[in-house]
Amino acid sequence: MSILVINAGSSSLKFGLFDAGTCAPLGSGQIDWTSDPRHAELVIRPEAGGHTRFQLDVSDHHAAVGHAVRALAQTNLLSTGPAPAIAAVGHRVVHGGTQFRESVVINARVKDQIAKLVELAPLHNPPALEAIGAAEAAWPGVPQVVAFDTAFFADLPPSAYVYPVPYAWYTDWGIRRFGFHGTSHAYCTSQAALLLGKPATNLRLVICHLGNGCSAAAVRGGVAIATTMGFTPMEGLMMGTRAGSVDPGVLLHVQRQRGLSAEQVDEALNRDSGLLGVSGVASDFRQVEAAAKQGNERAALALEIYAARVRAAVGALAVTLGGVDALVFTAGVGENSASLRSAVCKGLECLGLRLDAQRNAECRPDADLATADSPGRVLAVHTREELLIAREVRRLVLSPHGG
Ligand code: AMP
């Protein structure tokens, strides 16, 4: 028996398959319909190695997630050996608002509440809801669980989540900071504890999730106490196409003086900013790095801003923690770019974080990259959000004692 974990986005669906008893990974894959929904590609990667590609017609773009889930149900997800029976399904949902402080088993009330949260996450919650509906139809009677990206931040103190704006915005409109990437930060917390050989309850961690989206979090005793993302996943660090934090006065200025509409500002800050906006080259970190190496000055500037903002966030979060036992780099950029890690760590020696140049250059996550005499450790951790969700599924519906 296996656990299927589905991570549905607006233009792709990732999945992971895990042994229901041990949560050992069996395979993973993804369906991408970014360019052409009629020629979407399903890639299945069994854990044993290799991969299989299928062309799929997910046709109607609006129903693409449903098509993708049905395609999964009709395919042997290991592509080799007997098809695994699905014992339970787990879903990633980005926004759990203040209602969901932890993962839950899906029922009608839960779906209703997730639907109500669409107002807060218009791009992210609808595909997850669609995936849940399609999975219920494809695997009737099989228990389903949702894990929320915001849940890891349920214990942020009010000083970390209340914005210094008119208080009624918070009380009447629910405007507050939530934090995102929680499944990744939660996984990295448990993995850092494992690597350091200490319980998470004894650790002060600063975790930098640096992928297409970027966020950093301060975690004390296994609990997140501060993070850079806020009401939406736009706040904080510079990202691939998202600006991160900018002076709100700039947004008022471009609307009043340059005539941009709210939609145009939204588009600019979400899709035309960040690495892409500054470099003019790409949102993809590798491409920006390559352009900078070839002498592109805007690409080099984009990388400088990116690193400076991560470094400043690490400093602020480390001080919030009162010191840091380990700095953790994760996600595409954090796991793979030695030059970014090196740029971020320049200046962090004052926090007791000394990066070992050779270990950093030779890094294969998971690894400790700090010098032997560094008081704080510097870790690179390969994030496994789907595995964390599979563990939640097992805890909630498959463990003999019900968690
Ligand atoms: P993610 O959202 O975690 O998939 O991360 C995507 C980002 O990771 C993209 O900006 C990629 O360019 C970046 N990335 C992936 N591999 C590398 C690499 N070897 N070096 C630098 N950046 C990378």
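Reply: Helices (H or I, at least four residues) and strands (E, at least two) are taken as DSSP runs, numbered from the N terminus. The model is predicted, so local features need pLDDT of at least 70 and side-chain atom pairs count only at pLDDT 80 or more, while totals for chains, interfaces and linings use all residues. Residues are numbered from 1 along each chain as its sequence is written, and side-chain values use heavy atoms, with hydrogens and water left out.

Four elements each supply at least two lining residues of the second largest pocket: strands S8 (144–148) and S11 (223–227), and helices H6 (182–196) and H15 (385–398). A pocket here is an open set of points on a 1 Å grid over the protein atoms alone, where a 1.4 Å probe fits, with protein on both sides within 12 Å along at least five of seven lines; lining residues have an atom within 4 Å of a point.

The volume of the second largest pocket is about 570 Å³, counted as the space filled by probe spheres set on points joined across faces, edges and corners. Its lining has 24 residues, and Arg101, Glu102, Phe152, Ala186 and Glu392 are the closest to the centre. By class, the lining divides into 10 nonpolar, seven polar and seven charged residues. Ala, Val, Leu, Ile, Met, Phe, Trp, Tyr, Cys and Pro count as nonpolar, Asp, Glu, Lys and Arg as charged, and the others, Gly among them, as polar.

H6 and H15 also pack on each other. Their axes come within 8 Å and cross at roughly 85°, which makes H6 roughly perpendicular to H15 (65 to 115 degrees; under 35 is roughly parallel, over 145 roughly antiparallel, the rest oblique). Axes are lines fitted to C-alpha atoms over the stretch in contact, and angles run from 0 to 180 degrees between N-to-C directions. On the H6 side, the contact (heavy atoms within 4.5 Å) is made by Thr183, Ser184, Ala186, Tyr187 and Ser190. H15 contributes Glu385, Leu387, Leu388, Ile389 and Arg391. These residues divide into five nonpolar, three polar and two charged.

Helix H2 (residues 108–116) packs on helix H3 (residues 125–138) at about 155°, with axes 9 Å apart, which makes the two roughly antiparallel.
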